[in-house]
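Me: I would like the labels used for this structure set against their cut-offs. Please go through them one at a time.

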Amino acid sequence: MRQIKISMSLVEQIKASAKEALKSLYPEADIPASAITVNQTKPEFTGDYTLVLFPFLKLLKTKPDVIGKQLGDYLVSHSGFVASYDIVAGFLNLTMTDAYWATFLSGKYNDGKYGEQAAKGKNVMVEYSSPNTNKPLHFGHLRNNFLGYAVSGILKVNGNNVTKANLVNDRGIHICKSMVAWKHYADGATPQSTGVKGDHLVGDYYVKFNDVYKQQVAELVSGGMDEALAEKKAPIMKEAQDMLRAWEAGDKETVDLWKTMNGWVYEGFDVTYKRLGIDFDKMYYESDTYLLGKEVVLKGLEKGVLFKKEDGSIWVNLEDEGLDQKLLLRADGTSVYMTQDIGTAILKYNDFNLDKSVYVIADEQNYHMQVLQLVLKKLGEPCADTIHHLSYGMVELPTGRMKSREGTVVDADDMIAEMIAMAQQQTEEAGKTEGFTQDELKELYETIGLGALKFYLLRVDPKKKMIFDPKESIDLHGFTATFIQYAHARICSILRKEGVDRHTATFPGFNLTQELAPAEKALILWLEHYPDVMQASADEYNPSLLCNYTFQLAQQFNSFYDVHSISKAENEEKKQLRMMIIMMVARVMRHAMGTMGIRLPEKM
RNA sequence: GGUCCGGUAGCUCAGCUGGAUAGAGCAGCUGCCUUCUAAGCAGCAGGCCAUUGGUUCGAAUCCAAUCCGGAUCACCA
């Protein structure tokens, strides 16, 4: 009889047993492993897992009820975990023994590492957030930040050495725009003198720049100038360009102002990141790295991988790959976006000896990332093969895209505050504030509000674009973090009242003698599935799988809770069984949500 | 025009490495708090899975074509 391995997922074990059975029953036939499919049995049928028989029929030239019976009998007598079976059409529905589930539960309910993989020794970097320093974060950036943080957590749980990196885009014409406008219109205003958060203050002057610029263009056009020319000739734009040149030349006054204003932005970002519960292990600044790619490009030219045009600009030809020609270095020798990214990619690779380099970047840059990877490959850089673009869809308003230049953005800080206020309002309306201190309430509102926001942005497949309607705001019912938090708080409450420590309690003498009720078994079955889901989330860089799983876990717990009492369980054995179940449910919930940076309260 | 991504219930989304009668949440309608937290549970209603053709025991899922929506194809980052 096969030994039950609770370290191996049940689906894998069933597949292995089925393979063994087929080999024993039909030694002549060669059935590929891919022909064996195992699914969870649909609720309307009896059984836990289902083996699909159709693929075998042709290969073995038998009827489903014949092969089903043979397989079923074999599994019952040999597998050690199949109790009974039922054949419906071409489906073999298997019911596991309760002993299997009892062994699984008592082996795992107290395992703080359940769902995690052993260290793989792989170095993975996840680059995310990567803001511009000329404006505050908006709602769209939140998706990037949460995704990056969640995927980092998932990859870590999956056994990787993860470095969270943030590449700050701190140089370029955009920051000069804010600087020019500040010089002219701020009258020396600082975050300290105005009480405005640094990133917002700088962002205000970025908007101011664009207002003035638009006005100047309009004036030139009404004076009879061609619009395209006016856009180039507007004095304030010329001033910004002059400032960029001064910056690159190292002009002290310009660099000092740049440092000061960037400093304000970083202070502002720090507050926002902290509030979001997001952090980084490594900061990169484009002002430090923007020259690095140049060298590599020049080397590529020497090697003949790249080519030079008459004006002296350097290009790569990707026509063989079905793409275009792409500029890598301007005629005047200055670098472009791609040049910087080439340098940074190599730098990251060398700094951390990377096996995988994940870029969390919106899907509007799919082409750019494709080119980046191809160019690196052409240049013979090994980092090319480590790059994975985690491409996500943009968050749009019902009216279309958010544009900070036009002021049609939902500000991230405002959104956070709004979510927390909503959490407070709903808690108060529900009359659930008793027994908390003021500080505890404050923390609870943050846990609920931020949890809802994170979950809302993570629960959808990253590659799909989202439409967010601020007027409708975000619900705290249904498919939300709040729902999961509530289930968790209920479990904690039960355990508290039973005087059981939810972290350390054990039930050493437990021995299952009574049949598992459907709601009990359903929960254990779903818990058994957790490591598979975590693995899939990592393989696909997709936190939405974890969100969906955890939501269903909470749903099943709520149904269970409705039909079975813990405190008034029929007998001591049932009580212990259910306590183990709910301890494990709470543990898995905390593990899954914690991996994505969502906290679960003990009381709400 | 080329390339890539999407189109599933009134709305927001699962399901897509082919499997049984396509699932959740929201919104709508019924019930359920003297019982471990009703931010919950149970139920009703709501679908030519964009269209057409193909592949096969079987297609929302794979292939092809078409239609619709989006992104991108910058000496901006």
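Predicted model: local features only at pLDDT ≥ 70, side-chain atom pairs only at ≥ 80, totals over all residues.

Me: Why is α10 called roughly perpendicular to α11?

Reply: Helix α10 (residues 235-248) packs against helix α11 (residues 252-276) at about 100°, and their axes are 8 Å apart. Angles of 65 to 115 degrees count as roughly perpendicular, under 35 as roughly parallel, over 145 as roughly antiparallel and the rest as oblique. The angle of about 100° falls in the 65 to 115 range, so α10 is roughly perpendicular to α11. Axes are lines fitted to C-alpha atoms, for helices over the stretch in contact, and angles run from 0 to 180 degrees between N-to-C directions. Helices are DSSP runs of H or I with at least four residues, strands are runs of E with at least two, and both are numbered from the N terminus.

Me: Which residues make the contact of α10 with α11?

Reply: Met243, Ala246 and Trp247 of α10 meet Thr254, Val255, Leu257 and Trp258 of α11, where contact means heavy atoms within 4.5 Å.

Me: Why do β8 and β10 count as edges of their sheet?

Reply: The open sheet of 3 strands runs β8-β9-β10 with antiparallel pairing. Two strands pair if DSSP finds at least two bridges between them. Strand β9 (residues 314-317) pairs with β10 over 4 bridges, and asparagine 317 stands opposite glutamine 325 in β10. β8 (307-308) and β10 (325-329) each have a single partner strand, so one side of each lacks a neighbour in the sheet.

Me: How many residues of domain 1 and domain 3 are in contact?

Reply: Chain A is divided into domain 1 (10-96), domain 2 (172-280) and domain 3 (412-595), with bounds from an automatic or database domain assignment. In domain 1, 6 residues are in contact with 5 residues of domain 3. The centres of domain 1 and domain 3, taken over C-alpha atoms, are 35 Å apart.

Note on methods
Residues numbered from 1 in each chain as written. Chains lettered and ligands numbered in written order. Heavy atoms only, no water.
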